[in-house]
Amino acid sequence: MSETEVTHSAPDPMQAFRQEVRAFVAHALPPSVREKVRLGLELTKDEVMHWQRQLQARGWFAPHWPVAWQGTGWSPAQRAVFQEELVLAHAPESGGITVEMIGPILIRYGSPAQQQYFLPRILNLEHWWCQGYSEPNAGSDLASLKTRAVRKTRPDGSEVYVVNGSKIWTSYAQYADWIFCLVRTDTQARAQQGISFLLIDMRSPGVSVRPLVGIHGWHLFNQVFLDDVEVPVDHRVGEENAGWSIAKSLLEYERLNLARVAENRRRLSKVRALGLELEEAGVPLLRRPWFARRYRELEVRVEVLAATVLRFRRQAQAGMPLGAETGMLKLLGSVLIQDIENLAVDALGPDTLAYDRAAHFEPAAPDAGRSAYAPAASARRFVTRGYTIAGGSSEIQHELLAKQVLGL
Ligand SMILES: Cc1cc2nc3c(=O)[nH]c(=O)nc-3n(C[C@H](O)[C@H](O)[C@H](O)COP(=O)(O)OP(=O)(O)OC[C@H]3O[C@@H](n4cnc5c(N)ncnc54)[C@H](O)[C@@H]3O)c2cc1C
């Protein structure tokens with residue numbers, strides 16, 4: 001090749017896409033919110049809503065929905081890049097149960113009238129949804145749920161269900177406008193076969209919300225009471241008594257995201273920052289053997305998880321079924337995130353013990369005398385403990401893997 005010849009490699013479209021997402025986040029995410037997410041502080045509803053409006057204005061609030069419902073038509077790889085860029089840039093979680101769960105359910109199983117009414121309201125941020133599955137005596141064994149829905153004809157001839165019971169651990173019910181619930185419509189049928197899927201307006205008479213504040217001081221959970229709540233029959237999704245298969249199909253969505261690879265990476269980078277910032281015997285923690293050993297091991301585990309997810313993703317892209325093996329991703333990802341948060345707390349030591357609720361909302365002054373990560377570290381650690389339970393506990397995941405994958 002002569003000196004004047006130049007080789008042109010084709011531009012990598014995925015890299016260009018990554019840059020586009022990165023530029024958007026850099027422009028749209030308020031620095032104060034980015035800082036709060038970086039430090040693990042708690043966001044207000046207004047802060048979350050502001051970020052959701054930015055995404056919505058860019059057409060990226062529900063990117064994985066069908067194009068007919070304002071989806072982007074991105075490939076799975078683009079979706080993964082998008083998610084990764086948001087997490088690594090310390091953007092707040094957005095959409096949650098509303099975009100990931102009830103939206104896809106309505107797209108798949110909702111009547112045309114339900115779709116026309118609810119989906120635009122989700123997309124314009126009018127409706128925040130919560131999930132009413134668990135009950136005080138029905139968690140892992142969800143099919144034993146007892147909230148009862150009985151049909152009744154009103155004097156004007158309209159048909160309603162009268163719902164009685166209670167739902168528990170309902171995340172962010174205090175913010176929600178609607179709740180989707182599993183209710184028992186047939187007490188004689190086998191457990192799974194007598195369940196229906198109802199959409200309930202949180203402003204209906206008879207709905208009340210009791211806060212359940214966690215050991216970490218955060219108001220995430222609630223108990224929702226349903227006392228003689230009248231729900232139009234039109235607000236049932238799918239056939240009567242067919243709610244179980246609809247609820248189960250939710251699990252198919254975003255299974256690969258349950259590994260939380262980007263989230264694990266982001267939190268590990270926090271631990272690295274701590275390893276450089278904090279010293280023991282005049283030496284940065286990252287050079288102290290006890291810390292370095294645990295940090296390096298976590299690094300390896302994050303990379304192993306990332307490689308495993310990539311393998312499944314390639315399998316999915318090639319049109320191959322994923323199978324029950326994907327259950328391991330949630331198991332590994334949730335334990336890993338806890339081990340990362342545990343190392344953060346161990347590094348920060350007694351500074352994490354002081355409990356100051358106000359310090360969960362605003363970054364501490366730079367001269368506060370302790371690391372800016374300290375105020376929320378214990379709360380983060382306790383919140384992540386819940387990840388081994390949410391979405392199917394570790395014990396249940398082990399059991400499924402043993403039976404369905406290992407054939408034990
Ligand atoms: C962060 C978080 C958010 C949540 N958000 C929501 C929400 O928005 N909406 C909602 O409906 N629910 C929500 N939940 C509730 C969640 O779905 C339940 O906690 C979960 O299903 C477990 O039920 P449980 O709490 O009743 O525990 P149980 O089912 O009573 O389990 C208690 C313990 O026993 C073990 N166990 C139970 N059965 C078996 C078995 N057969 N074999 C071996 N071990 C077993 C479990 O692994 C667990 O360790 C949330 C939970 C968490 C942690």
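An oxygen atom of the ligand is placed 2.8 Å from a polar backbone atom of Ser 134, in what is a predicted model. Around the ligand there are 17 residues, and the closest of them are Ser 134, Ser 140, Ser 171, Ser 393 and Glu 395.

**Ligand site**

- Ser 171, which is listed among the closest residues to the ligand, has a polar side-chain atom that lies 2.8 Å from a nitrogen atom of the ligand.
- In the side chain of Glu 399, an N or O atom is 3.1 Å from a nitrogen atom of the ligand.

**Helix 9 with helix 10**

- Helix 9, which covers residues 289–317, and helix 10, which covers residues 327–348, have axes that come within 10 Å and cross at roughly 160 degrees.
- Because angles over 145 degrees count as roughly antiparallel, helix 9 is roughly antiparallel to helix 10.
- The crossing of helix 9 and helix 10 is left-handed, and the residues that make the contact include Trp 290, Phe 291, Tyr 295, Leu 298 and Phe 312 from helix 9 and Leu 329, Leu 332, Leu 336, Ile 340 and Leu 343 from helix 10.
- Sorted by class, the residues in the contact of helix 9 with helix 10 are 16 nonpolar, three polar and five charged.

**Helix 8 with helix 10**

- Helix 8, formed by residues 261–277, packs with helix 10 at an angle of about 15 degrees, and the axes of the two are 10 Å apart.
- Since angles under 35 degrees count as roughly parallel, helix 8 is roughly parallel to helix 10.
- Helix 8 and helix 10 also have a left-handed crossing, where helix 8 contributes residues including Glu 263, Arg 267, Leu 268, Val 271 and Leu 274, while helix 10 contributes Gly 333, Leu 336, Ile 340 and Leu 343 among them.
- The contact of helix 8 with helix 10 has nine nonpolar, two polar and four charged residues.

**Helix 1 with helix 4**

- Helix 1, made of residues 13–28, and helix 4, made of residues 76–88, pack at an angle of about 35 degrees with their axes 10 Å apart, and their crossing is right-handed.
- From helix 1, Met 14, Phe 17, Arg 18, Val 21, Arg 22 and Val 25 meet Ala 77, Gln 78, Val 81, Phe 82, Glu 84, Glu 85 and Leu 86 of helix 4.
- By class, eight nonpolar residues, one polar residue and four charged residues take part in the contact of helix 1 with helix 4.

Notes: Residues are numbered from 1 along each chain as its sequence is written. This is a predicted model: local features need pLDDT of at least 70, side-chain atom pairs count only at pLDDT 80 or more; totals for chains, interfaces and linings use all residues. Side-chain values use heavy atoms; hydrogens and water are left out. Axes are lines fitted to C-alpha atoms, for helices over the stretch in contact, and angles run from 0 to 180 degrees between N-to-C directions. Helices (H or I, at least four residues) and strands (E, at least two) are DSSP runs, numbered from the N terminus. Angles under 35 degrees count as roughly parallel, over 145 as roughly antiparallel, 65 to 115 as roughly perpendicular and the rest as oblique. A crossing is left-handed if the near helix is turned anticlockwise from the far one by less than a right angle, and right-handed if clockwise. Contact means heavy atoms within 4.5 Å. Ala, Val, Leu, Ile, Met, Phe, Trp, Tyr, Cys and Pro count as nonpolar, Asp, Glu, Lys and Arg as charged, and the others, Gly among them, as polar. A residue is near a molecule or strand if one of its heavy atoms lies within 4 Å of it. A polar contact is a pair of N or O atoms within 3.5 Å; within protein, one must be able to donate a hydrogen and the other to accept it, and residues adjacent in sequence count only if both atoms are side-chain atoms.
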